[in-house]
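Please keep the viewer open while you read the points below.

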Amino acid sequence: MAHNIFRNEYMQIPVVTRFYVTACTLTTLAVQMNVVSNLELLYHPHLILKGEVWRLLTCFLFFGHLGFNFLFNMVFLYRFSRKLEEGCFAGNPAGFIVMLLFGATLSLLTSTFVVRVLFLGESLATMIVYVWSRRNPGVMYNFFGLFTFQAPYLPWLLLLLSFLFGGSVLSDLIGIGIGHIYYFLEDVFPNKPGGFKILRTPQLMKTLFNGPQADPNYNVLPEDRPGGFNWGEGRPVGQ
């Protein structure tokens, strides 16, 4: 019975978020149980050119050993990835994948040519949070019941927390920068005089990933339902 409840809840998570968070969790568990070394997962251009191409993917899957920092990252990755996929990318997982690929590509280029970062998952997670915050500027975000502020301040709060708790401030800065580039290309530049849409989702990806329209009975996050719990939630200004 409990197994069925868990499975049903798990399958309610939108597909891209479900795949990414699951892959991150399984990768961390594999490192924790010494099935694989984190040294085999990190981003290393020289080793990739020698054939270890899996590093292009695995460097986005390892968020550190099990502990508070890992759980904190997973909570925010899950929550805001799901919010984006169920929100502005509802019915368009292909577009969400394009956003993630854009963020991953710029992260890899930054690590290769600007500043070396071995694991890039935190940068991608911060990008996701940044894009959500800019697309919801009027939402007041309740941070675990401690205090409330407008959504655009959230990435900067996470940056401050990384600094205070010894996290990767550099990864947060990279994620914020890449998130802003994506936001500008998608939401600002096309609306300028003479502007146009630069990032486009290939038709093949739409055919493969989008499929039929979402089920109208789809279950959203519990805290977004009327009467749900209120830790870490967002609500429009004035409500």
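How do the axes of helix 5 and helix 6 cross, and within what distance do they come?

1. The helix pair. The axes of helix 5 (residues 68–86) and helix 6 (residues 93–113) cross at roughly 135 degrees and come within 9 Å. Here axes are lines fitted to C-alpha atoms, for helices over the stretch in contact, and angles run from 0 to 180 degrees between N-to-C directions.

2. Helix 5 contributes Ser-81, Leu-84 and Glu-85, while helix 6 brings Pro-93, Phe-96 and Met-99; contact means heavy atoms within 4.5 Å. These residues divide into four nonpolar, one polar and one charged. In this scheme Ala, Val, Leu, Ile, Met, Phe, Trp, Tyr, Cys and Pro are nonpolar, Asp, Glu, Lys and Arg are charged, and the others, Gly among them, are polar.

3. What kind of model this is. Please remember that the model is predicted: local features need pLDDT of at least 70, side-chain atom pairs count only at pLDDT 80 or more, and totals for chains, interfaces and linings use all residues. Residues are numbered from 1 along each chain as its sequence is written, and side-chain values use heavy atoms, with hydrogens and water left out.

4. Confidence. The mean pLDDT of the protein chain is 88, and 87% of its residues reach 70 or more; pLDDT is the predictor's confidence in each residue, from 0 to 100. Over residues 223–231 the pLDDT is below 50, and this stretch has 14 contacts in the model beyond near neighbours in sequence.

5. The overall layout. The protein chain has 10 helices and three strands. Both kinds of element are DSSP runs numbered from the N terminus: helices are H or I with at least four residues, strands E with at least two. Read from the N terminus, the order is α-α-α-α-α-α-α-β-β-α-α-α-β. Among contacts with a separation of 6 or more, 69% join residues 24 or more positions apart.

6. Ser-171 sits in helix 9 (residues 169–188) and is buried, with a relative accessible area of 2%. Buried means under 20% relative accessible area, exposed over 50%, and partly exposed in between (1.4 Å probe, protein chains only). Leaving aside neighbours within four places in sequence, Ser-171 touches Val-117, Phe-119, Glu-122 and Ser-123. Ile-176 also belongs to helix 9 and counts as buried at 6% relative accessibility. With the neighbours within four places again set aside, Ile-176 is in contact with Thr-126, Tyr-130, Pro-155 and Trp-156.

7. Two exposed residues. Asn-34 lies in the loop between helix 2 (15–32) and helix 3 (45–49), and is exposed, with a relative accessible area of 69%. Its phi is near 60 degrees, a positive value in a residue other than glycine. In general, most residues other than glycine have a negative phi. Thr-207, in helix 10 (residues 203–210), counts as exposed at 55% relative accessibility. Thr-207 and Ala-94 are 113 residues apart in sequence, with their C-alpha atoms 8.6 Å apart in space.
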